[in-house]
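Here are my notebook entries from an afternoon with this structure. Have a look at it first, then follow along.

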Amino acid sequence: MEKAGVIEGYSARLSPAALGISMIFYLEITLNNQTEQTLSQFEAAALALPQVLECHLMTGKADYLIKVAAVDTQAYEQLYRRAIASLPHVSHIQSSLVMKTVKPWRGYMGGRA
């Protein structure tokens with residue numbers, strides 16, 4: 001399966017609680033334009049933030065969906081003020097706090113969907 005490219009690598013699942021992470025936020029980010037340069041600059045800046053767990057270019061109202069982790073609301077506020085709001089070309093941010101994870105991501109399952 002490794003030679004076929006099905007297995008891309010191996011990793012360990014870390015406990016957010018053991019790391020002191022108690023909050024997960026999803027942020028819908030809208031940019032002021034969607035030129036190639038704008039998208040590239042935003043993506044490079046977002047990838048440089050270690051708190052960004054995932055970043056997806058989206059269709060629909062928002063341009064990007066970002067998942068971030070924080071130890072508490074004060075840490076998220078600091079991340080928001082110092083980093084997220086300063087990302088290049090951002091015109092709107094909609095934050096949503098995860099109240100409960102019903103089904104966490106555990107990887108793709110074998111077979112067809």
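Leaving aside its neighbours within four places in sequence, which residues is I66 in contact with? I listed F25, Y26, L27, I29, F42, A46, V52, E54 and C55, where contact means heavy atoms within 4.5 Å.

**Ground rules.** I am working with a predicted model, where local features need pLDDT of at least 70 and side-chain atom pairs count only at pLDDT 80 or more, while totals for chains, interfaces and linings use all residues. My numbering starts from 1 along each chain as its sequence is written, and side-chain values use heavy atoms, with hydrogens and water left out.

**Entry 1: the core.** I looked up the largest nonpolar core, which has 20 residues. I note that such a core is a set of buried Ala, Val, Leu, Ile, Met, Phe, Trp, Tyr and Cys residues joined through side-chain atoms within 4.5 Å. I66 is among the members that touch the most others, together with L27, I29, F42, V68, Y76 and I84. The elements giving two or more residues to this core are β1 (23-31), α1 (36-47), β3 (64-70) and α2 (73-84). I found its largest share, 5 residues, in β1. My helices (H or I, at least four residues) and strands (E, at least two) are DSSP runs numbered from the N terminus.

**Entry 2: the sheet.** Next I traced an open sheet of 4 strands, in the order β2-β3-β1-β4, with antiparallel pairing. For the edges I wrote down β2 (52-57) and β4, each of which pairs on one side only. From one strand to the next, the twist averages 20°. A reminder to myself: strands of a sheet pair through backbone hydrogen bonds, either parallel or antiparallel. I count two strands as paired if DSSP finds at least two bridges between them.

**Entry 3: β3 and its partners.** β1 and β3 pair in the antiparallel sense over 7 bridges. On this side I found F25 bridged to V68, and I29 bridged to Y64. β2 and β3 are also antiparallel, over 5 bridges. Here L57 stands opposite Y64, and C55 has I66 as its bridge partner. β2 and β3 form a hairpin with 6 residues between them, and in the turn G60 has a positive phi of about 100°. How many of the 7 residues of β3 are buried? I get 6, and the strand is mostly covered. Buried means under 20% relative accessible area, exposed over 50%, and partly exposed in between (1.4 Å probe, protein chains only).

Entry 4: I take axes as lines fitted to C-alpha atoms, for helices over the stretch in contact, with angles running from 0 to 180 degrees between N-to-C directions. Within α1 I stopped at T38. Is T38 buried or exposed? It counts as buried because its relative accessibility is 4%. Not counting residues up to four places away in sequence, T38 touches L31, N32, N33 and H89. H89 has a positive phi of about 70° although it is not a glycine. At 24% relative accessibility, H89 counts as partly exposed.

**Entry 5: V71.** I found V71 in the loop between β3 and α2. With 43% relative accessibility, V71 counts as partly exposed. V71 touches G20, I21 and S22, not counting residues up to four places away in sequence. I also checked V71 against L49, 22 residues apart along the chain: their C-alpha atoms are separated by 15 Å.

**Entry 6: the largest pocket.** I finished with the largest pocket, which holds about 1300 Å³ of space. A pocket here is an open set of points on a 1 Å grid over the protein atoms alone, where a 1.4 Å probe fits, with protein on both sides within 12 Å along at least five of seven lines; lining residues have an atom within 4 Å of a point. I count 33 lining residues, of which R13, E54, K67, W105 and R106 lie nearest the centre. β1 and β2 each supply at least two residues of the lining, and the largest share, 3 residues, comes from β1.

Methods:
Points joined across faces, edges and corners; volume = space filled by probe spheres on them.
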